Amino acid sequence: MFGSTDEFTQTLLAERMLTEGQLQRAQDQSRRSGTALQKVVVDLGFVTEREMVEALGRRLGVGFVDLDKLTLDVELTRLVPENLAKRYQVFPVAQQGNRLTLAMADPMNVIAVDDIRLVTGFEIETLIATEGAVERMLNKVFGSTDLAPTIEDEIKGLQGTDIVGQYGMVEEQEEIDLEVLQKRMEEAPIVRMVNLIISQAITDKASDIHIEPEAKTVRVRYRVDGVLHEIMTTPKHIQAPMVSRLKIMASMDIAERRVPLDGKIHLTHDGREFDLRVSTIPTVHGEKTVMRILDKNSVQLGLHKLGFLQDNLQLWESLVEKPYGMLLVTGPTGSGKSTTLYSCLNKLNQGERNLTTVEDPVEYQIAGINQVQTNNKAGLSFATALRSFLRQDPDILMVGEIRDGETAKIAVEAALTGHLVLSTLHTNDACGAISRLTEMGVEPFLVSSALVGVLAQRLARQICPNCKESYRPQPDAIRKLGLNLYGDNEINFFRGRGCEHCKTTGYRGRSGIHEVLTISDRVRALILANASSSEIRQAAVEDGMRTMQHDAIEKVLQGHTSLEECLRVIAVEGTE
């Protein structure tokens, strides 16, 4: 992607984008994990992929093109055959006379240039682009943009075959011939249909797939950027073979339909590894199936990519670098807590300290970190694992979630005995974490001594950059967010108009809204006095803490997200 490793490192060192120390750390991690050095440098947050590609382009004398801001020209894309475009990771961006300009992840690939020149008859000019941007454009053009017609073709393939007769009655049967069932599940077109549903969800960057049985149909929905979108409905007789196929893929019991089941699917899509956590639950209309899509690359983000404003980023990074104490990340389910914790671990994973985690389940495996999965049936709970960790000479401990008083007390004791402890809690704001710990039975003087910081967060959808437009919102909406513009009519807000890039939603991707509470002497004194969350919150704000509401307002004013999206994801306190 970036030429030879020597050329890559020389480029970044020459442009002072990488220090010798950072290079050594990246090389060490690359050797340990077997991951390419270029990818490790980006994953550690030393440079972004774009910065790296632009620097290499300057060194090679090749111009850079941002494909994410390019208006799609369908006629132009047809000039390069699909097989060549995908094989060489190229995308046509301009054509003038007999000259065709290609965006390439590797513009020095002379074989690719020669092959495309031979096939198309054009003289080729090259520009450099990020590999991710090229892949996104190729998926957009050559990937399936509408799943339903393709699935309909597969369903037609089932009509008139014995598979419909066999499984149209499965819901009524008490006994199932497992041999016949398994044989049918391996046959097309059910296999193709299930594969299409999964691959399209990954292409659409969905976090979850919902397959929901209804009285006469089966509904398929994707959760994209935190919001569910209906993709298609299928006939009822598809339900049983589709669910059974997924169970086989996830190594689950296809005969058991009366109790909830869990399983896991590992797959590779477009060269990237994914794990699917599969869960089924019996409903009145049959088994509902939900698949959580876990992208193994998504947790290797640097903290700077999580949407922090600069002052909050510096504050949180300073807390993460503490040698001991407890750090908590709070928020509801699906607010990105695990991603934040993994990003913190990536920052701390330098090979000099012993990092150990206990999780339920271990969603992502990270080289260099000792990860333990709870097993309550075997007696391995969060509390049990934590006790054992303290005999394993740990430096940094990560507890997936503090759920009970016993775990909370052991985690606090670990933080007080020279360890850095990271964990999560389900609270609405940062200050609520303090009262939650005391409610679990941890004494206030222990909380005040152990706790060094709390991060509360939510995820808000970002405005699509391709259809972003400014507008003036209604005064009532502004007041509802608690924002006083003092009659300034010149200020503009932003929203997404809706386009093909964002599938007409106006949003593309998500970013964090944050609230960072540091345990100052004043806050520590209030904790010792067993003060309420509201009193602690007032003191923290007076000391300079930016609330989630203020963080959201700032991101609205900067054009990162919309007013409506912030009203959707945060609890508004009213006009200030």
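1. A residue is called buried here when its relative accessible area is under 20%, exposed when over 50%, and partly exposed in between (1.4 Å probe, protein chains only). By this criterion aspartate 551 is buried, at 0% relative accessible area. Aspartate 551 is found in helix α23; helices (H or I, at least four residues) and strands (E, at least two) are DSSP runs, numbered from the N terminus.

2. The model is a predicted one, in which local features need pLDDT of at least 70 and side-chain atom pairs count only at pLDDT 80 or more, whereas totals for chains, interfaces and linings use all residues. Residues are numbered from 1 along each chain as its sequence is written, and side-chain values use heavy atoms, with hydrogens and water left out.

3. Confidence is expressed as pLDDT, the predictor's confidence in each residue, from 0 to 100. The protein chain has a mean pLDDT of 83, with 85% of its residues at 70 or more. The pLDDT is below 50 over residues 159-176, a stretch that has 28 contacts in the model beyond near neighbours in sequence; contact means heavy atoms within 4.5 Å.

4. Residues up to four places away in sequence aside, aspartate 551 touches Leu309, Asn312, Gly512, Ile513, His514 and Arg546. A polar atom of the aspartate 551 side chain lies 2.9 Å from the backbone nitrogen of histidine 514.

5. The largest nonpolar core has 50 residues, and those with the most contacts inside it are Met326, Leu328, Ile402, Leu451, Ile513 and Leu517. Such a core is a set of buried Ala, Val, Leu, Ile, Met, Phe, Trp, Tyr and Cys residues joined through side-chain atoms within 4.5 Å. Helix α17 (residues 405-416) supplies the largest share of this core, 6 residues. Beyond its neighbours within four places in sequence, leucine 328 is in contact with residues including Trp316, Ile402, Leu425, Leu437 and Leu451. A second, separate core of 28 residues includes Ile190, Ile198, Met252 and Ile265.

6. The structure holds 34 salt bridges, a salt bridge being a side-chain nitrogen of Lys or Arg within 4 Å of a carboxyl oxygen of Asp or Glu. One of them joins arginine 136 to aspartate 68 (2.7 Å, N to O). This pair links distant parts of the chain, 68 residues apart: arginine 136 is in helix α8 (residues 131-142) and aspartate 68 in the loop between α4 (49-60) and α5 (74-77). Arginine 136 is partly exposed, with a relative accessible area of 30%.

7. Arginine 522 forms a salt bridge with aspartate 543, their closest N and O atoms being 3.2 Å apart. Arginine 522 lies in helix α21 (residues 521-528) and aspartate 543 in the loop between α22 (533-542) and α23 (548-557), so the pair ties together parts 21 residues apart in sequence. Both partners are partly exposed, arginine 522 at 39% and aspartate 543 at 45% relative accessibility. Elsewhere, salt bridges that share partners join Glu212, Glu214, Arg219, Arg221, Glu230 and Lys288 into one network.

8. Glutamate 212 is buried, at 8% relative accessibility, and arginine 221 is buried at 18%.

9. A search of the whole structure finds 0 disulfides, a disulfide being a pair of cysteine sulfur atoms within 2.5 Å. The cysteine sulfur closest to that of cysteine 464 is in cysteine 499, 3.8 Å away and too far for a bond. Cysteine 464 is buried, at 0% relative accessible area.

How values were computed: A polar contact is a pair of N or O atoms within 3.5 Å; within protein, one must be able to donate a hydrogen and the other to accept it, and residues adjacent in sequence count only if both atoms are side-chain atoms.
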